[in-house]
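Subject: Structure for you, with notes

Hello,

Here is the structure I promised. Please open it first, then read my notes alongside.

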Amino acid sequence: MKIKNIVLIVSLAILTFSCKKDKTTSPFDYAKQALIDDDSLVNYLDTHYYNATLDSIKKVDNGQTPFSANVQVETVVENDVTYKLYYIISEQGVGYQPTKYDKVLPNYRLEALDGEVYGSQENVFTVSSWYNLSSNPLISQDNGAIAGWIHGIPKFKAGINASMPNQPLVFENYGKGFLFIPSGLAYGVNGKFPIPPNAPLIFKIELLYAIEGDFDNDNVVSNDEDIDGDGDVTNDDTDEDGTPNYIDVDDDGDGVLTKDEDVNEDDNPMNDDTDGDGTPNYLDNDDDGDGILTIDEDANNDGNLLNDDSDGDNIPNYLDADS
Ligand SMILES: [Ca+2]
Ligand SMILES: [Ca+2]
Ligand SMILES: [Ca+2]
Ligand SMILES: [Ca+2]
């Protein structure tokens, strides 16, 4: 009994010492972890295959074709660390191919390298089964996604909705495959229960359906808020107010909400160009091209540009070049 106590005290002492020591060690080495994960993933891909009959990933034990024979790789740089994201498209879909700004409805099964299943979703059709790939927590309650999904899911094409009226939802001809994700593009150094820290993850994916995302609900989908077309919506800020267009409800800052710049009311603000200058109203700070900025056409100064019609022709001043 006495000896046990001594052992315990010694252990605690070592633990305390270790904790103290940790505080002075250098910060977590993400680049090193990326290399460790890549070694693990490469080894996994060389030694595992998918057994479709059993719907299960198995170790190669009898000459089966390993994942590595069909795997593709994309290099992803996040926070100055280079990661390799591996993926397999076993069957490509025939529907929409999402971008990283879109919303997707997947079936998935999440496994560790040792085969432990951490979670899954299969044919669940509720609001919470959708994932907004680049969800912005500031403006969206949607499920976000790990970086491995943001870069990996857009490799798949979605299926088509083959549902019959008043029948359960059915999707057909959807993309199927796998994502093999290093921990740095998943839950990283902290993990997320039950996923332990520094765990590379395997996702079996079926991309049932996908739609274009519109984060700010201004009726311009996020893909179309990429004004300069460089694939990055975060650097497009028409009114230069520091809020990029994809999360700005008044893109040109003229006092008329983007969704209200839909003059022909077809739910698409992109095809409304009152002065015909080639710049649609929602990006034009002088909608009627009369030389007076839209924001200065608020004759009664109530902050609402829609109720100022000086010549009474039912066309508000900001859209009326001769008002
Ligand atoms: Ca939008
Ligand atoms: Ca802006
Ligand atoms: Ca506007
Ligand atoms: Ca004007």
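Asn51 has Ser56 of β2 as its bridge partner. Tyr50 stands opposite Ile57, also in β2. Both pairs belong to strand β1 (residues 48–51) and strand β2 (residues 56–59), which run antiparallel and share four bridges. Strands count as paired if DSSP finds at least two bridges between them. Strands themselves are DSSP runs of E, at least two residues long; helices are runs of H or I, at least four long; both are numbered from the N terminus. Four residues lie between β1 and β2 in this hairpin, and Asp55 there takes a positive phi near 45 degrees. β1 has two faces: His48 and Tyr50 are on the covered one, Tyr49 and Asn51 on the uncovered one.

A word on the source. This is a predicted model, in which local features need pLDDT of at least 70 and side-chain atom pairs count only at pLDDT 80 or more, while totals for chains, interfaces and linings use all residues. Residues are numbered from 1 along each chain as its sequence is written, and chains are lettered from A and ligands numbered from 1 in the order in which they are written.

Confidence

The mean pLDDT is 91, and 90% of the residues reach 70 or more. pLDDT is the predictor's confidence in each residue, from 0 to 100. Residues 6–19 fall below 50, and beyond near neighbours in sequence this stretch has zero contacts in the model. A contact means two C-beta atoms, placed from the backbone, within 7 Å.

Overall layout

The protein has three helices and eleven strands. Their order from the N terminus is α-α-β-β-β-β-β-β-β-α-β-β-β-β. The radius of gyration is 27 Å, well over the 20 Å that the globule rule gives for 323 residues, so the protein is more spread out than a compact globule. That radius is taken over C-alpha atoms, and the rule is 2.2 Å times the number of residues to the power 0.38. The C-alpha trace spans about 95 × 55 × 35 Å along its principal axes.

There are two domains: domain 1 (30–211) and domain 2 (215–323). The bounds come from an automatic or database domain assignment. Over C-alpha atoms, the domain centres are 39 Å apart. Of contacts between residues at least 6 apart in sequence, 53% join residues at least 24 apart.

The core

Buried residues make up 33% of the 323. Buried means 20 or more other C-beta atoms within 10 Å of the residue's own; exposed means 12 or fewer; partly exposed is in between; the C-beta atoms are placed from the backbone.

Which residues touch the most other members of the largest nonpolar core? They are Phe178, Phe180, Ile181 and Leu207, in a core of 42 residues. Elements giving two or more residues to this core include α2 (30–47), β4 (81–91), β10 (175–181) and β11 (201–211). β11 gives the most, with eight. A nonpolar core here is a set of buried Ala, Val, Leu, Ile, Met, Phe, Trp, Tyr and Cys residues joined through C-beta atoms within 7 Å.

Leaving aside neighbours within four places in sequence, Leu207 contacts residues including Val104, Pro106, Ile153, Phe156 and Tyr174.

Single residues

Is Gly148 buried or exposed? Gly148 is buried, because 26 other C-beta atoms lie within 10 Å. Gly148 is found in helix α3. Beyond four places in sequence, its contacts are Leu85, Leu179, Ile181, Leu185 and Ala186.

Leu169 sits in the loop between β8 (160–161) and β9 (171–172). Leu169 is partly exposed, with 13 C-beta neighbours inside 10 Å. Not counting residues up to four places away, Leu169 touches Phe125 and Ser163.

Backbone points to check

Phe193 and Pro194 are joined by a cis peptide bond, with omega about 5 degrees. Pro194 lies in the loop between β10 and β11.

Asn217 has a positive phi, near 50 degrees, and is not a glycine. Asn217 is exposed, with 11 other C-beta atoms within 10 Å. Asn301 also has a positive phi, about 55 degrees. Asn301 counts as exposed, with 7 C-beta neighbours inside 10 Å.

Best wishes
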